[in-house]
Amino acid sequence: MSGKLATAGVLLAGLAVGAASGWYTLQHGMVQGDTYSGWSGSKVTGSVDADPWTRARVAVSGLLALNKSQAIYFSRNTDDSGARLREDCRYRVTGGAMPARWWSITVYAADNYLPLNDDDALSFDQTEAQPTGKAEWTGILSPKQPDGEPWASTNKAGDYDITLRLYQPTPQAQQDYDAIPMPKVTKLDCGGAA
């Protein structure tokens, strides 16, 4: 009798731990995994080696993850100072040459979906963000369109995440995420201050 109770207790404890870890994973969206200069990413996203928690995050977020030879994904929900990305703030995103054939940065609202606005600007990519004289590209995250700069609208995004996608990354980038020159995210102002 005591053996059956012990077995039942172990099963219940296992179910509780599994449910708690699953709930925690799903509550934190895609901003999980290893951290690379403020961006989070997993080397197994989109692969057969992905664990059940990674697969659950991908399914819930609707990422439709590809194998890392086709695309690498990184997400973040803070600026470079560590403050949460907020709809009422403006941020400048800057970066250098990315080790991929094409890249984009997309805004996701707190519910892991695209913000529900009519701005038709939920991301910017390398075709819009061209390098400046310093060989860096820049883009703006803000609720209102800036003049003459690549823009991703945060209108109706609340506290949001951004996702960096590197399509057809170089073999070195696929092997060594630490070697990827991750874009910087700098807060410009909040609450409409300019």
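In what follows, Ala, Val, Leu, Ile, Met, Phe, Trp, Tyr, Cys and Pro count as nonpolar, Asp, Glu, Lys and Arg as charged, and the others, Gly among them, as polar.

Colleagues, this is a predicted model, in which local features need pLDDT of at least 70, side-chain atom pairs count only at pLDDT 80 or more, and totals for chains, interfaces and linings use all residues. Residues are numbered from 1 along each chain as its sequence is written, and side-chain values use heavy atoms, leaving out hydrogens and water.

I begin with confidence. The chain has a mean pLDDT (the predictor's confidence in each residue, from 0 to 100) of 85, and 85% of its residues reach 70 or more. Helices (H or I, at least four residues) and strands (E, at least two) are DSSP runs, numbered from the N terminus.

Next, Tyr160. This residue lies in the loop between S8 (151-153) and S9 (161-169). Tyr160 is buried, with a relative accessible area of 0%; buried means under 20%, exposed over 50%, and partly exposed in between, with a 1.4 Å probe and protein chains only. Leaving aside neighbours within four places in sequence, Tyr160 is in contact (heavy atoms within 4.5 Å) with residues including Asn77, Arg84, Glu87, Tyr91, Leu141 and Thr154. Tyr108 is another of its contacts; the two C-alpha atoms are separated by 5.7 Å, although the residues are 52 apart along the chain.

I close with the lining of the second largest cavity, which has 5 nonpolar, 2 polar and 2 charged residues.
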